[in-house]
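User: I would like to learn how to read the features of a model such as this one. Please start with strand pairing.

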Amino acid sequence: MIRIASYNVENLFARPKTFNNADWSIGEPILDAYREVNTLFQNVNYSAADRTRMRDLLVTLDIYSINNHGAIRRKRSSNPRWAWLRKNRGSFDREPRERTQNVEIIATSRADWIGWVELAKEPMNELSTRVTARVIDNVNADIIGVVEAEDRPSLVRFNQEMLNDQYDQIMLIDGNDKRGIDVGVMTRAGFSIETIRSNVYLEDSVGQVFSRDCPQYEIHTPNGTIIHLLVNHFKSQSGGGGEKRLRQAKAVRGIVDDLVSQGEHVVVLGDLNEGPVNESTTVENFSPFYENNSPLIDCYSLPGFDQGARPGTYDSCGIRNRLDYIFISQSLQSSFSVGGIFRMGLWGTRQTRPTAWDTYPLMTRSEEQASDHALVFVDLNI
């Protein structure tokens, strides 16, 4: 019997400050400004309109601020509210000595300077990190797909300091997201990662497909069975994103079809960032996982999978908040034993302790939860 789990851990030690707002109406404009200004920085030439827009976006990011004279000036801080402006070489801006005058962006092209905006991070609540470890320890998975981890060193450190080196092999490949929220895998002794394939460069007719990556891990189990694990974190719902999630689902299906045609066992898991409208339907944007003779089976449809009192995995755990999934290939269906959703480390955004599921007594408020996602697992007799 082996246990495979999927868990969005919401970073382990440090997290962009903008992610830590309970009110997403505060964080979303910051992320939008971050994306837009870094895109503008990549322009070959900067028009006057580009430079004006850059300056306005840097005000939104609190890198520039408006002083009591009404002038836009650099904001000097060793602990910025939202972001840093990293300037490695060349000249980007000039600030007049006269405080009544605006800072001026003097770079007229990408060739004039090297730099970018980087989101500022803050340490995670220490108890939250310990609760995350308790969730993983209690579930005791042999293979766990990890979503929203900072980097591989953070995963290794977490395993050493919080999990007593329970996991033997740990891998994370930097993906396309510049904010430090990547996907990885941890496996116990005997479950060896034999090959790794990244899909960060995969493109379709529209362009780059994966917001992070869809890494493929070929994992050999102790009895010699080979499982191909595909770990995913689909496009967030910020700004909609449904069209991109559909493109990502199509790309994953293509990868799965290739593997299945070679007779391989496949598990697709991760935070797919969308839930169905009700329990009798599936997500339309995930239709490639369900239609056209799909070789994949949704864990929620498997007899013996216990979703508990609520159908979702995120925050309040309503059906629309069913964001985390595990799909197994049909070749593994007969091996499925049980599965479920583990919510002990989930508090959500509510002020009082959840009543629809049990939680760890040591958690007393939302900031101390392991993650705003629950962990999903399946057990396979292989």
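User: In E19, which residue is the bridge partner of Val268?

Analyst: Strands are DSSP runs of E with at least two residues, helices are runs of H or I with at least four, and both are numbered from the N terminus. Two strands pair if DSSP finds at least two bridges between them. Here the partner of Val268 is Phe327 in E19. Strand E16 (residues 265–271) and strand E19 (residues 324–329) pair over five bridges, in the antiparallel sense. This is a predicted model, in which local features need pLDDT of at least 70 and side-chain atom pairs count only at pLDDT 80 or more, while totals for chains, interfaces and linings use all residues. Residues are numbered from 1 along each chain as its sequence is written, and side-chain values use heavy atoms, with hydrogens and water left out.

User: In what order do the strands of the open sheet run?

Analyst: The order is E13-E14-E15-E16-E19-E17, six strands with mixed pairing. Strand E13 (192–197) and strand E17 (296–298) are the edges, each pairing on one side only. Axes are lines fitted to C-alpha atoms, for helices over the stretch in contact, and angles run from 0 to 180 degrees between N-to-C directions. With direction ignored, neighbouring strands of this sheet are turned by 25° against each other on average. Contact means heavy atoms within 4.5 Å. H5 packs on the sheet and touches strand E14 (216–220), strand E15 (226–233), E16, E17 and E19. The direction of H5 makes about 175° with that of E15.

User: Which residues touch the most other members of the largest nonpolar core?

Analyst: In soluble globular proteins, nonpolar side chains tend to be buried together. A nonpolar core is a set of buried Ala, Val, Leu, Ile, Met, Phe, Trp, Tyr and Cys residues joined through side-chain atoms within 4.5 Å. Buried means under 20% relative accessible area, exposed over 50%, and partly exposed in between (1.4 Å probe, protein chains only). The largest core has 53 residues, and those touching the most other members are Ile4, Leu229, Leu230, Val252, Val267, Phe289 and Ile328. Helix H5 (residues 242–261) gives the most to this core, with six residues. Not counting residues up to four places away in sequence, the contacts of Ile328 include Val266, Val267, Leu302 and Phe336.

User: How many aromatic pairs are there?

Analyst: Rings of Phe, Tyr and Trp (its six-membered ring) pair if their centres lie within 6.5 Å; planes under 30 degrees apart count as stacked, over 60 as edge-to-face and the rest as tilted. The count comes to 13. Tyr290 and Phe327 are edge-to-face, at 5.7 Å centre to centre and 70° between the planes. Tyr290 lies in the loop between E16 and E17 and Phe327 in strand E19, so their pair ties together parts 37 residues apart in sequence. Tyr290 is partly exposed at 27% relative accessibility, whereas Phe327 is buried at 0%. Both belong to a cluster linked by ring pairs, with Phe234, Phe286 and Phe289 among the other members.

User: Where does Asn140 lie, and what is its phi?

Analyst: Most residues other than glycine have a negative phi. Asn140 has a positive phi of about 60° and is found in the loop between helix H3 (126–139) and strand E10 (143–149). Asn140 is partly exposed, with a relative accessible area of 44%. Phi of Asn164 is also positive, near 55°. Asn164 is exposed at 69%, in the loop between helix H4 (152–162) and strand E11 (169–172).
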